[in-house]
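Good morning, and thank you for making time on the agenda.

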Amino acid sequence: MAPDVVAFSNITDKNEFTKFTKFLAYKGVQVIVESRKGVKIEPNSKPLTSDSDWFNLQIPDSPEVNQATKNALPSDRVLETIRSQLHVEISVQTEDGDEMVLELWTLELDETQFDTSLKAMNTVYFRMGILLKSLITITRITPAYHLSRKQRTESFTIFYRVYNGEPKTKALGEHVKKVQAGLLKTPLGGIGFSVMYRTNFSISPNKTEKDKTLLLKSDHFELSPKHVIFESKKKKDVKEKEYKPLRPVDLNKPLRLAAFVDEAVVRRAFEDFLEKFPVPKFRVAIRPESPLIEKPLESKSTQDLDVTILSKSPTSFESPPKKFSGFRSENEPPLKLLCFPFADNHPIRELAEFYKDFFNAPHLKLADDIIPRARDESLKEEVEMLNEDLSKDLELYESSVLEFDQLLEDMCRSAEWSGN
Amino acid sequence: MNARTISFELSMEGRQVDEVVASIFHTVLFHRSSGKFTYNNEESYSIRTVSYVDVDCDFIDFTYVCCESEALGHNVKREISDFSDLLRAVDGTSSPPRGSISLEFFQKRRARWPFQPECVPWEVWTVYCELTESRPDHDMHSKHESVVEMLQDKIVFITEIINRHEYVPKMPSRSDADLIFDTSYSDIQPYLFKIHYNLSGAPSTTVGNTVRKLIRDTLYL
């Protein structure tokens, strides 16, 4: 190990090295995440260069990704954190909720691989640029790259997560391949990216839903172009079928007609049913005029609200698409959504963006903040006026429910069309 | 010769030659190119940004990265196409057609007038290609996958070699920049390189091709 004191000739070099390493980590994470968005980088697809790009490479600077890196890499402990490894985990989630970790990228500072002859900081900077080029190159050759390029046409989504410390390699399964994407020997040790990726792509059943049968074939994630990946059902053995109890219909999944079904007969059956049991046109419950005044302290966080809505969704039309949900246990940092499949140049993209923005929207502090302070009359009046405005807005929206329903149906229909 | 030579031996179908060679050469060139230098004075310079693009292959399930430079891409493609055309034209009835193509990085050393500067190679990447018959039989799929796997291994190997930083010329001062870098491109600045090829186990190249290559090499230098 090279002690920090003698590794560099002065403290300025040490500080510069720390700064370069920090940006190497930031840019490295950006490169990895960008490559998993499923977007091919075409000529002239990037904005004009600013000539002040780090490492003279035009790597995007997504604020969301930078924030994720920042959370895992404290600015005051850059070298220490990278010594203990910084990881980017790439995982896939199917529309059925099954998920699988595909690969684990690691940035590490290996203190045994030091080279004290490298003193010039501009050379360190230049070589870090080459290291990033190696990373860019290697990101294109692992199976997850091919999978991510298909996520726009298939029913799955790729997620990422940045964390430090011990790698969670167990999630990759038993068959793992490791590739080193370059190593730069510096006075403080060898710094480099590596990736561990799974080679066995059969998915295991969802642990939380033990009754679920295995829906995917063993070659489900076969990356060959010959295979159509992510078929939604697997033919079960006849024996298995005999003992299998009937599963309830999952209303959160779109209902599709089976093969060779006479559509006219089904439609007639539906019409008869709806005639006997008409769907109520106005399903909105009448609410008290000023709910915020009556229960000002019971407001929940928007995330709780979202969970409630999701769990109570009665039909597939009212629940948001599953691929937009990114729930994890509270102990784990959330995985970030990378892109919206099928949504290129499509009107539903706007809805998707809206959903994404408000899915994890910050806790509404308006009522909480104002009510405790509303001790004098003027503030109280202000709050009441505010609530009246809200009530009016709510009334307006409630009266437009039919229009909204119509709009939603249109969107669902157009989504189905584009899906077909 | 104080240079590093790296060679790869690959067997592939005729139609895959262009893409296999291009994916190797462009990966190397991506690492061996920097942004355009702007010298503030003799020793001090700033470097512009390099953009990169993804290239999807048509005949192999593979994507590689290359610098975003139309001129560089055009020059490399022309050389590889010439080699590919020649190799695929070889009669392979007795033995499979074989050939090699090299990407050679060199630096120039000034010589006394009237002699041309001396070109000293410092890194040579050679791809030995052997053509396999392209039959639409049952093992085509596995053959295709083996080409992809081999290519993946080569790409990893390239990154390993390039990060060793041996034999690479030092950053030049302004007056020597042309001896190290190819400054003729407007958007990118690769180290000086040339691509040359030859066929083995086949009749010698036609006179026309040889003369054309000679003229091109002469003009290039």
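In chain B, a hairpin joins strand 5 to strand 6 through six residues. Helices (H or I, at least four residues) and strands (E, at least two) are DSSP runs, numbered from the N terminus, and two strands pair if DSSP finds at least two bridges between them. This is a predicted model, in which local features need pLDDT of at least 70 and side-chain atom pairs count only at pLDDT 80 or more, while totals for chains, interfaces and linings use all residues. Residues are numbered from 1 along each chain as its sequence is written, and chains are lettered from A and ligands numbered from 1 in the order in which they are written.

Why is strand 6 of chain B largely enclosed by the rest of the structure? Four of the five residues of this strand (residues 63-67) are buried, so the rest of the structure largely encloses it. A residue counts as buried if 20 or more other C-beta atoms lie within 10 Å of its own, as exposed if 12 or fewer do, and as partly exposed in between, with C-beta atoms placed from the backbone.

Chain B also has an open sheet of four strands, in the order 1-8-7-10, with mixed pairing. Its edge strands, each pairing on one side only, are strand 1 (4-13) and strand 10 (193-200) of chain B. Strand 7 (residues 98-109) and strand 8 (residues 118-132) of chain B run antiparallel, joined by twelve bridges; B:Ser100 has B:Tyr128 in strand 8 as its bridge partner. In the loop between strand 7 and strand 8 of chain B we find B:Pro114, and the peptide bond from B:Trp113 to B:Pro114 is cis, with omega near 10°.

Next, the core. The largest nonpolar core has 103 residues, and those with the most contacts inside it are A:Leu132, B:Val21, B:Tyr52 and B:Cys66. Such a core is a set of buried Ala, Val, Leu, Ile, Met, Phe, Trp, Tyr and Cys residues joined through C-beta atoms within 7 Å. Helix 1 of chain B gives the most to this core, with nine residues. Leaving aside neighbours within four places in sequence, B:Tyr52 is in contact with residues including A:Ile41, A:Ile136 and B:Phe30; contact requires C-beta atoms, placed from the backbone, within 7 Å.

The contact between the chains takes 30 residues from chain A and 28 residues from chain B. On the side of chain A that touches chain B, helix 5 of chain A gives the most, with eight residues.

Finally, two backbone exceptions. Most residues other than glycine have a negative phi, and most peptide bonds are trans. A:Asn56 has a positive phi of about 55° although it is not a glycine, and B:Tyr167 likewise has a positive phi, of about 70°. Which of the two classes, buried or exposed, applies to A:Asn56? A:Asn56 is buried, with 20 other C-beta atoms within 10 Å, whereas B:Tyr167 is exposed, with 12.

Definitions and conventions
Contact = placed C-beta atoms within 7 Å.
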